[in-house]
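This briefing goes through one protein model topic by topic. Please keep the sequence and the structure in view while reading.

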Amino acid sequence: MKIILVASAGGHLAQLIALDKFWKQHERSWVTFRLPEVEAALSGEKVDWAYFPTTRNIPNAIRNLGVAWKVLRRERPDTIISSGAAVAVPFFIVGKLLGMKTVFMEPYDRITMPTLSARMCYPMTDLFVVQWDEQQKAFPESVNIGAVL
């Protein structure tokens, strides 16, 4: 299976990296923000860089829609996996238009209040996973996989 892992830097990326036993078994590429700590963490991985900041930044959301179109048409993944944040939204929109499967993981630190990107991606997600029982109140069709960190 070919996958694309999409995440903001920091904790969102750390949660996807923690799933390395899964993604190391698959052909993959990453989309995240170009920062020194990210380049170090993903050394040796194939990475495309998204525009930052993304939170409530309309110009960068439009630019990332273009990045998503280019990357997803080039890579043709079977599945897009994201732990958020806003950079996930354009990839899920384009991915669904291109008929790709999507998996969204709600971050570990948002126990009682759902993230905006999760609320936006939920209707476009084939598998929505959470890490707390409390998160299932906002996302009733989710699957609780427990803490990944």
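In strand β3, Val47 is the bridge partner of Trp30. The model is a predicted one. Strands β2 and β3 pair in the parallel sense, over four bridges.

**The sheet**

- The sheet is open and has seven strands, in the order β3-β2-β1-β4-β5-β6-β7, with parallel pairing.
- Strands β3 (47–50) and β7 are the edge strands, as each pairs on one side only.
- In general, strands of a sheet pair through backbone hydrogen bonds, and the pairing is either parallel or antiparallel.

**Thr32 in strand β2**

- Thr32 belongs to strand β2, which covers residues 27–33.
- Thr32 counts as buried because its relative accessible area is 0%, and buried means under 20%.
- A polar atom of the Thr32 side chain lies 2.7 Å from the backbone oxygen of Ala7.
- Leaving out residues up to four places away in sequence, Thr32 touches Ala7, Ser8, Ala9, Val38, Leu42, Val47, Asp48, Trp49 and Ala50.

**The nonpolar core**

- The largest nonpolar core has 40 residues, and Trp30, Leu72 and Phe91 touch the most other members.
- Residues up to four places away in sequence aside, Leu72 touches Ile4, Pro77, Ile80, Phe91, Val94, Gly95, Leu98 and Met100.

**Aromatic pairs**

- A pair of aromatic rings is described by the distance of the centres and the angle of the planes.
- How many aromatic pairs does a search of the whole structure find? The search finds eight.
- Phe92 and Phe104 form one of these pairs, with 6.0 Å centre to centre and 85° between the planes. This pair counts as edge-to-face because planes over 60 degrees apart are placed in that class.
- The pair links distant parts of the chain: Phe92 is in helix α5 (residues 88–97) and Phe104 is in strand β5 (residues 101–105), 12 residues apart.
- Phe92 is buried, with 0% relative accessibility, and Phe104 is buried with a relative accessible area of 0%.
- Tyr108 and Trp132 form a tilted pair, with 5.1 Å centre to centre and 35° between the planes.
- The Tyr108 and Trp132 pair also links distant parts of the chain, as the two residues are 24 residues apart. Tyr108 is in the loop between β5 and α6 (116–121), and Trp132 is in the loop between β6 (127–130) and β7 (143–144).
- Tyr108 is partly exposed, at 31% relative accessibility, and Trp132 is partly exposed, with a relative accessible area of 27%.
- Ring pairs join Phe92, Phe104, Tyr122, Phe128 and Phe139 into a cluster.

**A charge over a ring**

- Which ring does the charged end of Arg63 sit over? The ring is that of Tyr51, and the charged end is 5.8 Å from the ring centre.

**Cys121 in helix α6**

- Cys121 is placed in helix α6.
- Is Cys121 buried or exposed? Cys121 is buried, because its relative accessible area is 0%.
- Apart from neighbours within four places in sequence, Cys121 is in contact with Ala88, Val89, Phe92 and Phe104. Among them, Phe92 and Phe104 form the edge-to-face pair described above.
- Cys121 and Val103 are 18 residues apart in sequence, and their C-alpha atoms are 9.3 Å apart in space.

Key. Residues numbered from 1 in each chain as written. Predicted model: local features only at pLDDT ≥ 70, side-chain atom pairs only at ≥ 80, totals over all residues. Heavy atoms only, no water. Phe/Tyr/Trp six-rings, centres within 6.5 Å; stacked < 30°, edge-to-face > 60°. Buried < 20%, exposed > 50% of the residue type's maximum accessible area, 1.4 Å probe, protein only. Lys NZ or Arg CZ within 6 Å of the ring centre and 35° of its normal. Core = buried A, V, L, I, M, F, W, Y, C linked by side-chain atoms within 4.5 Å. Contact = heavy atoms within 4.5 Å. Polar contact = N/O pair within 3.5 Å; in protein donor to acceptor, adjacent residues only side chain to side chain. Pairing = 2+ DSSP bridges.
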